[in-house]
Amino acid sequence: MQPRNMSMSGVVDLAAVKAAGEAKAKAEQTRAEVARQGGPAAVPPSALVIDVDEAGFERDVLQRSAEVPVVLDFWAEWCEPCKQLGPLLERLAVEYNGRFLLAKIDVDANQMLMQQFGIQGIPAVFAVVAGQALPLFQGAVPEAQIRETLDQLIQVGEERFGLTGIAVDADADGSGGGADRTARPAGPYDALLEAAMSALDAGDLAGAVQAYKNVLADDPAHPEAKLGLAQAELLARVQDLDPAAVRKAAADGPADVAAQMAAADLDLAGGHVQDAFGRLVETVRRTAGEDRDAARLRLLELFEVIGADDPRVTAARQALARVLF
């Protein structure tokens, strides 16, 4: 097995296009065969995270990648950053509910796989989509960036290869719909959330931001706190802006990333959601390096303000994936 890297830079590579076309056809044949056999069985949430070795790589990764993107987490027991990243990826695998499969590979026990993927340091995260291998990131990465990378991966899997994920039976682990896995740690959330709302009512945006951060420090996935923090931070950014000056700076400097981000903040705060998203997607398209990362991360922050289920966010994520890939 020799993994092939799919270009994610947007540069047209005819060999990669041909390989991707072949992989798509193979994935479609595999799914058709599974459908003829009655369709894939639903798996329990615990089956979304698997340990993989060299002997099982063909079966557990390459073959599975014809139905779902497989994320590879290369780790080792002695690697301290791995101990932070691994549990986060495992939690996201369950949260994404079958949109990707997480395969954990102990590099100490699987040196050949490590060499074949050209890994120089760990943690290192790759993905295999319809038999095609591609690098995702290396080292400790913020959760927001990981989520965006996973969203883009899933988008590529759907659009290029028709991968729709695997069915999950939440009751199969005996968890009663997953209530035990997703139960939040005990904490004074009601009091903290009330404090945040009171701070907002009083115009104390810094206090509101801190109150929401206090909740998230204990429960990073708390939906109300994540939404509240994103909204409070947006209000804090726009409260002292001169709208006319910001609009003029953005119009005069289309390549000025800071000006475009400020204008997008004003767009969103004013209810012009699609204008804000479109402005930042275009900024990502025309920039590179740190400027591109800054615009992309601001767009992710604005997604949090609106909510992942909003169709405008879905459309903007698709547009972002197109300009990135």
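These legends go with close-up views of a predicted model.

**View 1. Five strands line up in an open, mixed sheet.**
Reading across the sheet, the strand order is β1-β3-β2-β4-β5. On average, neighbouring strands here are turned by 25° against each other, direction ignored.

**View 2. Strands β2 and β4 run antiparallel.**
Zoom in on β2 (residues 70-75) and β4 (residues 124-129) and you'll find five bridges joining them. One spot to look for is V70, which sits opposite V128 in β4. As background, strands of a sheet pair through backbone hydrogen bonds, either parallel or antiparallel.

Helix α5 (residues 143-161), for its part, lies across β2, β4 and β5. Against β5, helix α5 runs at about 165°.

**View 3. T149 is tucked into a buried spot on helix α5.**
Which residues does T149 touch, leaving aside those up to four places away in sequence? They are L136 and F137. T149 has 14% relative accessibility, so it counts as buried, the cut-off being under 20%.

**View 4. C79 and C82 form a disulfide.**
The model's disulfide count comes to one, and here it is: the sulfur atoms of C79 and C82 lie 2.4 Å apart. Are these two cysteines buried or exposed? Both C79 and C82 are buried. Why is the disulfide right-handed? Because the torsion about the S-S bond of C79 and C82 is about 80°.

**View 5. Helices α11 and α13 lie alongside each other, roughly parallel.**
The axes of α11 (residues 257-269) and α13 (residues 289-306) come within 10 Å and cross at roughly 10°. From α11, the contact residues are V257, M261, A264, D265 and L268. From α13, they are D291, A294, A295, R298, L302, V305 and I306. Sort the residues of this contact by type and you get nine nonpolar, three charged and no polar.

Terms used:
Residues are numbered from 1 along each chain as its sequence is written. This is a predicted model: local features need pLDDT of at least 70, side-chain atom pairs count only at pLDDT 80 or more; totals for chains, interfaces and linings use all residues. Side-chain values use heavy atoms; hydrogens and water are left out. Two strands pair if DSSP finds at least two bridges between them. Helices (H or I, at least four residues) and strands (E, at least two) are DSSP runs, numbered from the N terminus. Axes are lines fitted to C-alpha atoms, for helices over the stretch in contact, and angles run from 0 to 180 degrees between N-to-C directions. Contact means heavy atoms within 4.5 Å. A disulfide is a pair of cysteine sulfur atoms within 2.5 Å. Buried means under 20% relative accessible area, exposed over 50%, partly exposed in between (1.4 Å probe, protein chains only). Angles under 35 degrees count as roughly parallel, over 145 as roughly antiparallel, 65 to 115 as roughly perpendicular and the rest as oblique. Ala, Val, Leu, Ile, Met, Phe, Trp, Tyr, Cys and Pro count as nonpolar, Asp, Glu, Lys and Arg as charged, and the others, Gly among them, as polar.
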